[in-house]
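I opened the model to look up a few points and note them here. The entries follow in the order in which I checked them.

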2 protein chains.
Amino acid sequence: MEQIKNQSITRQEDDFAQWYTDVCRKAELMDYSSVKGFIIYRPYGYAIWEQIQAYLDKRFKETGHENVYMPTVIPASLLQKEKDHVEGFAPECLIATVGGGTKIDDPLIIRPTSETLFTEHYAKIISSYRDLPKLYNQWCSVVRWEKTTRPFLRGAEFLWQEGHTMHETEEEARTETLKMLEIYDDLGRDILAIPFSKGRKTDKEKFAGAEETYSIEALMPDGKALQSGTTHYFGQGFAKAFNVQFQGRDGKLAYPHQTSWGVSTRLLGAIIMVHGDDNGLVLPPYVAPIQVIVIPVAQQKPGVIPAARELYNTLKETGLRVKLDESDKTAGWKFSEYEMKGIPLRVEIGPRDIENGAVTLVKRNTGEKITIKKEELVDKVSSLLEEIHKEMYQKAYRYLNEHITEVTNKEEFDQAMEKGGYAKMMWCGNRACEDKIKEETNATARCLPFNQIPFSDVCPVCGKKAEKVVLFAKAY
Amino acid sequence: MEQIKNQSITRQEDDFAQWYTDVCRKAELMDYSSVKGFIIYRPYGYAIWEQIQAYLDKRFKETGHENVYMPTVIPASLLQKEKDHVEGFAPECLIATVGGGTKIDDPLIIRPTSETLFTEHYAKIISSYRDLPKLYNQWCSVVRWEKTTRPFLRGAEFLWQEGHTMHETEEEARTETLKMLEIYDDLGRDILAIPFSKGRKTDKEKFAGAEETYSIEALMPDGKALQSGTTHYFGQGFAKAFNVQFQGRDGKLAYPHQTSWGVSTRLLGAIIMVHGDDNGLVLPPYVAPIQVIVIPVAQQKPGVIPAARELYNTLKETGLRVKLDESDKTAGWKFSEYEMKGIPLRVEIGPRDIENGAVTLVKRNTGEKITIKKEELVDKVSSLLEEIHKEMYQKAYRYLNEHITEVTNKEEFDQAMEKGGYAKMMWCGNRACEDKIKEETNATARCLPFNQIPFSDVCPVCGKKAEKVVLFAKAY
């Protein structure tokens, strides 16, 4: 095992896709199962997801949302009730046809998403404006029978949360759609150290059945965008298809306005790619399952292990997620192991440190080595973790800003794609121009950013009048 | 809606099964979905499960366990690898046969339990004694195609945790099996206020593929036992079937020793039945999603709402789970509503209380009304919650002890069944005697309790020598 773990991984510049897979496996984030496309979320990968869950669950509850659990299967007849929706998901369905040895009359779809289940339930429990809003969320896995899969980025099964809400008014539902997008954006800034580009999806790119879709997009170091979360305003479409009606304040029956929103374990893919390097994973401190690793150096020397334990206990007491490795592996081996695992801060303690009343700290993101007095440990570790988080966010932010290129013609668009990142383009609003760009460059409209500052009035594709700013990019 | 909620429920003595279903629905713990046997875990029911999860997840992590997530589907060929195991589960399988519009060659079983997936993964990641123990747990749902279903007690899908561990030695694995049973027992004592009977299952009743199964059993007020959690020692059976081998300290290859253990949302059924009464749910304070409900009385009178808010804020600040209902429903309506929901403690505040600087507290479990000085609120609420928990546990404990009847012949056995609860019987150890009891009385051996104090040496069924004490009961 030691040799395998310690061997170097593919370099990013040699083969970025292979580097990604290497990190996923060698940092023990996941493993493949015997069913194609279904992965195993190993403890270290799952623990990152638990940190994301803890952050979001708190934010959801603070904003009045409640968790529920809906069935894992959807009758085919139920999925078909909303036309656009079923068209979007039918090709990816995994379908159960036998139960307890008997053929099932109305086959059961393993849930790819639960709009239909929630709306059917809402039809039963909403009858008056007093029952609104309903603000429900579900933590679960969903299944989508994908042909080409990649760990965390696209899989036959992934973990996610799906919020589904019902509101009395359009305004309230639209506010919810944007509010949840803000919470996703906060997640990026507060703990993932990832700056997202936020905006509205074009009609071509929106969710099956939605009136409007918003997304957060992250930019990967290979120049491709990764859609990292979406929120949808459904209007009254599902409510009408499922006959959800309530008696309004005016005594009349009305259809409620609906939203849904979700993020998934795809965020792990974003973390790996945005921050990782040729030594492996680099985890942002507030999402790292282990924030600090304590490693004794020359641990066979008297006093080293007790000194390491003391540091460990001191840090543990402050509530930090800290680990001490006093196994009989060499210190050098341990250094690479925990670099691969992306632990933000390493604490080294050896005979010389002890003699000097000192401790050595090493930052994973920069490799910077800092020697401090033992008494400064708690303060310094805490301030360094904050510093690391900021540095990681700022580095990603700089990269993002350097890779948004304003383009006004085809040549500039191609150059932007060559460079990687977003081509920021004025757009006429016609689907035909989006299709043409996709066909010629494989780039898609990622979003119409909220910050709409027109810099031209001509669509470079058709030459017609353009009023909308769109970010195009190749995407995962 | 108001009328429906406020109408009374079936009385326990009139129809216990109907009372149970009424409470499940009227306390808004669950709802039925359009797929038979699959229920919807509504916010209030799910929130109880979240409290159980929080307690157990902490205990699991403190004892070195790590969470993982395995695929939701198991190839039919994989499930068949362990003979006893597949025989136990095959009749209940839900099977997916179509993916992305194409027939699947090796059909996929929606997981009924994940021993096979864990063992297959362990075969890949265990190669040396240094890799042991592996202490994994998974929070998920499982599907079992049951014909007769009841909310929480038996369903086509339920939520649970499943621990799966691998150990170097038999002794270590056996210790784990018992350690986890203790944690389940602690759960009952610490937060569910339910005394469990603990013991080993007979071979007839053990888990499919296990060498030994242990269980915690709870006694319901209708005299039936409810198996509430199990832990299993597998020996090397799965390891051999899946070829999991490790290099031991002696350099030789060996098979590890395996355990699994789980509790499920069935525990909600236990809570409902053990504690509930004719006014609805009665929740133990440490598992209640809302521990204290503040209700303003004559709230239209000046000063009442502000006083109620002040009490709410005071309690909220202490970290209690508290809710204030200042809706325009009558106080009487609110009293019944929150009694139905089983909230342990009610805080009432009206004009007369305000005048006297007093607050009225009402205990859900006994109906006891206590008037206190406003300044005593925080201390009194906290001590009352503790008192309520103890009273609830003691009441259940008394009931349990009053319903364990030592029997030495068939007549006494029948009388014990008539009375309800356990028949404590000496048993020869032969399956034939178990079968006969089941056939004649429908009772099953619930467990061989750890506390084995023989009170006879004859098996009352066959008259042969008996050394084992067994608890028999009718069961859910």
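Contact, as I use it here, means heavy atoms within 4.5 Å. I note that 100% of the interface residues of chain B are also interface residues in chain A, so the copies meet through the same surface.

Conventions. The model is predicted, so I kept to its limits: local features need pLDDT of at least 70, side-chain atom pairs count only at pLDDT 80 or more, and totals for chains, interfaces and linings use all residues. Residues are numbered from 1 along each chain as its sequence is written, chains are lettered from A and ligands numbered from 1 in the order in which they are written, and side-chain values use heavy atoms, with hydrogens and water left out.

Sheet. I took helices (H or I, at least four residues) and strands (E, at least two) as DSSP runs, numbered from the N terminus; two strands pair if DSSP finds at least two bridges between them. I traced an open sheet of six strands in the order 4(A)-6(A)-5(A)-5(B)-6(B)-4(B), with antiparallel pairing. Strand 4 (73-75) of chain A and strand 4 (73-75) of chain B stand at the edges with a single partner strand each, so one side of each has no neighbour in the sheet. From one strand to the next the twist averages 45 degrees. In chain A, strand 4 pairs with strand 6 (residues 102-110) in the antiparallel sense over three bridges. There A:Pro75 stands opposite A:Leu108 of strand 6.

Helix pair. In chain B, helix 2 (residues 16-26) packs on helix 9 (residues 266-275). I fitted axes as lines to C-alpha atoms over the stretch in contact, with angles from 0 to 180 degrees between N-to-C directions. The angle is about 115 degrees and the axes are 11 Å apart. From helix 2, B:Phe16, B:Trp19, B:Tyr20, B:Val23 and B:Cys24 meet B:Gly269, B:Ile272 and B:Met273 of helix 9.

Buried arginine. I located B:Arg446 in strand 22 (residues 444-449) of chain B. Buried or exposed? B:Arg446 has 5% relative accessibility and counts as buried (under 20% relative accessible area; exposed is over 50%, partly exposed in between; 1.4 Å probe, protein chains only). Leaving out residues up to four places away in sequence, B:Arg446 touches, among others, B:Lys201, B:Glu205, B:Glu217 and B:Tyr422.
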